[in-house]
Amino acid sequence: MIGLMNDNKPLLRAYSIASPNCEEHLEFYSIKVPDGPLTSRLQNIQAGDHILIRPKPVGTLVFDALLPGKRLFLMSTGTGIAPFASVIRDPEVYEKFDQIYLLHTCREVEELRYGIDLVQSVHDNEFLRVLANGKLHHLPAATREDYKNTGRIDAWIKDGRLAKLADGDLTPEIDRVMICGSMAMLETLKEVCKTLGLDEGSNSMPGQFVIEKAFAE
Ligand SMILES: Cc1cc2nc3c(=O)[nH]c(=O)nc-3n(C[C@H](O)[C@H](O)[C@H](O)COP(=O)(O)OP(=O)(O)OC[C@H]3O[C@@H](n4cnc5c(N)ncnc54)[C@H](O)[C@@H]3O)c2cc1C
């Protein structure tokens, strides 16, 4: 939870930590809701300003909730890419998985910029580029504008586009999935995963996929 003081009271919202856990600083990636109570103000903060951060992070997008696997699919829409900005910059992910596919779908092409710059930063990083080389695959797509990739993630799975790009259908034996997006996106992809025979994991009972909502509607 991060936020600002508002009329002497804390105004806090849930956020995903976008920086990897080996970093000294915390990074967040935020929407700007024009009349949003928090983000209408948060977007104007300057270097040196103070924000509030609750001390205890919680969340379900953690490796401990996943069984060991070979391919990791990170499926996101909009700001749902934020937790995966942490995952793809965490050296551990390249030890745990042979292939990592970052799927990021947005309505408009401009919204894909953060993910494109992020993946570029991994390939530009002296240390990470060696680990990520040939393993990290970025699949950005737009749903409301022309782009090299279009359409929703569930459609990519159902019509075989993902299998073609990732060299094989999703299977419970080798594949692990992390999903972050709107409630509607989570519901849809949860059903798709279950249909494919994947079980939702938790810390106490690791499984083949985990979900986290990027915002409460
Ligand atoms: C578990 C969790 C993790 C989250 N992680 C992030 C994150 O990493 N980055 C981030 O920007 N937001 C994230 N959010 C959303 C965030 O908590 C706030 O909703 C957002 O900061 C807007 O706050 P607000 O007070 O300005 O507007 P709010 O009153 O909170 O939201 C106003 C409306 O804007 C829409 N909205 C809010 N957030 C988003 C969003 N991220 N994408 C699209 N539409 C949205 C919704 O329709 C909402 O009803 C997360 C939410 C949850 C529950």
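## A walk through the chain

Start by selecting Gly-3: its bridge partner is Leu-12 in strand 2. What you have open is a predicted model, in which local features need pLDDT of at least 70, side-chain atom pairs count only at pLDDT 80 or more, and totals for chains, interfaces and linings use all residues. Residues are numbered from 1 along each chain as its sequence is written.

Now select strand 1 (residues 2–6) along with strand 2; they pair in the antiparallel sense over five bridges.

**The ligand.** Click on the ligand next and show what is around it: 22 residues, the closest being Arg-13, Ala-14, Gly-36, Leu-38 and Thr-39. (A residue is near if its C-beta atom, placed from the backbone, lies within 6 Å.) Helix 1 (39–42) and strand 8 (209–213) each supply at least two residues of this shell. Color the shell by type and you get eleven nonpolar, seven polar and four charged residues. (Ala, Val, Leu, Ile, Met, Phe, Trp, Tyr, Cys and Pro count as nonpolar, Asp, Glu, Lys and Arg as charged, and the others, Gly among them, as polar.)

**Strands 5 and 6.** Move to strand 5 (residues 99–106) and strand 6, which run parallel and are joined by seven bridges. Pick His-104 and look across to Pro-140 in strand 6, which stands opposite. Strand 6 (residues 136–142) is mostly covered, with five of its seven residues buried. (Buried means 20 or more other C-beta atoms within 10 Å of the residue's own, exposed 12 or fewer, partly exposed in between, with C-beta atoms placed from the backbone.)

**The core.** Which residues have the most contacts inside the largest nonpolar core? They are Leu-74, Ile-100 and Leu-102, in a core of 46 residues. (Such a core is a set of buried Ala, Val, Leu, Ile, Met, Phe, Trp, Tyr and Cys residues joined through C-beta atoms within 7 Å.) Strand 5 gives the largest share, five residues. Finish on Ile-100: not counting residues up to four places away in sequence, it touches Leu-72, Leu-74, Ile-88, Val-93, Lys-135, Leu-136 and His-137. (Contact means C-beta atoms, placed from the backbone, within 7 Å.)

Methods:
Helix = DSSP H or I, 4+ residues; strand = E, 2+ residues; numbered from the N terminus. Pairing = 2+ DSSP bridges. Contact = placed C-beta atoms within 7 Å.
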